[in-house]
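I opened this entry to keep track of what I looked up. The notes follow in the order I took them.

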Amino acid sequence: LGGMSWESTVSYYQTINRLVAQRLGGLHSASLVMVSVDFGPLEVLLREGRWEEVGASLAAAARTLEGAGADLLVLCTNTMHNVAPRIEAAVKVPLLHIADATGERIGSAGLERVGLLGTSFTMEEPFYRSRLEEGFGLEVLVPDEAERAEVHRIIFEELCRGESLEASRDRYREIVSALVGRGAEGVILGCTEIGLLLSAADASVELFDTAAIHAEAAVDRALSKEGRSR
């Protein structure tokens with residue numbers, strides 16, 4: 001379930017298919033169905049705090065996927081996991097939660113204190129941080145208020161529009177460095193677009209790209225479910 005924005009949904013499609021090809025060999029690719037929503041109206045609802053309507057819209061899209069035969073649901077965005085309970089209530093197929101996949105990866109790396117970059121909703125609302133803190137025992141640090149505003153602005157004004165500006169990359173590097181200075185042992189790229197701007201070379205600690213982690217976890221789950229070679 002993607003399109004929020006479509007720029008990062010492309011990376012999901014590529015990662016999932018590449019991994020399936022690598023693991024199954026030959027000309028194998030992923031058997032999947034996709035609903036890519038129009039993000040414009042949803043972004044307006046986000047700004048106006050109309051989460052109930054966001055949840056209803058995405059729940060309807062999830063039912064479409066279930067009706068098309070999907071047996072695992074992947075919501076290709078961090079922010080919209082704020083309405084994950086509404087989506088889960090609307091369908092019978094399991095939702096692979098992006099924060100769970102990320103928390104498991106961080107736990108495997110042996111880290112306890114991590115920084116979090118994302119939209120203001122992801123950095124400030126409890127739905128994401130609490131899941132990491134309570135479910136995985138992590139201490140989650142976020143940038144200060146001015147830095148959070150800048151991270152959010154770059155996501156919506158640039159990355160969601162396909163723009164990757166060097167000045168913004170430098171600003172993100174500074175913000176990551178500040179989190180490391182406060183004790184972050186790694187930093188979560190908690191918006192699926194941020195991985196389009198930052199890479200491992202941009203930080204002194206490990207960056208956890210949630211889009212890549214989520215896509216990889218989806219392949220693990222799907223191939224395991226099918227009992228196929230991994």
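I started with valine 83, which I found in the loop between helix H3 (51-67) and helix H4 (84-90). Helices here are DSSP runs of H or I with at least four residues, strands are runs of E with at least two, and both are numbered from the N terminus. I noted that the model is predicted, that local features need pLDDT of at least 70 and side-chain atom pairs pLDDT 80 or more, while totals for chains, interfaces and linings use all residues. Residues are numbered from 1 along each chain as its sequence is written, and side-chain values use heavy atoms, leaving out hydrogens and water.

Is valine 83 buried or exposed? Valine 83 is buried because its relative accessible area is 6% (buried is under 20%, exposed over 50%, partly exposed in between, with a 1.4 Å probe and protein chains only). Leaving aside residues up to four places away in sequence, I listed Trp51, Val54, Gly55 and Leu58 as touching valine 83; contact means heavy atoms within 4.5 Å. I also checked glutamate 7: from valine 83 it is 76 residues away in sequence and 21 Å away in space, C-alpha to C-alpha.

Next I took the sheet. Four strands form an open sheet with parallel pairing, in the order S2-S1-S3-S4; two strands pair if DSSP finds at least two bridges between them. Strand S2 (139-141) and strand S4 (206-209) are the edge strands, each pairing on one side only. From one strand to the next the twist averages 30 degrees. I looked at one pair: strand S1 (residues 113-117) joins S2 in the parallel sense over three bridges, and valine 114 stands opposite valine 140 in S2.

Then I checked which helices lie on the sheet. Helix H7 (residues 126-136) lies across S1, S2 and strand S3 (186-189) and runs at about 150 degrees to S2. Helix H9 (residues 166-181) packs on the sheet and touches S1, S2, S3 and S4, its direction making about 155 degrees with that of S1. Axes are lines fitted to C-alpha atoms, for helices over the stretch in contact, with angles from 0 to 180 degrees between N-to-C directions.

Last, I looked at helix H5 (residues 98-108) against H7: the axes come within 10 Å and cross at roughly 45 degrees. That makes H5 oblique to H7 (under 35 degrees is roughly parallel, over 145 roughly antiparallel, 65 to 115 roughly perpendicular, the rest oblique). Among the residues making the contact are Ile98 and Thr102 of H5 and Tyr128 and Phe136 of H7.
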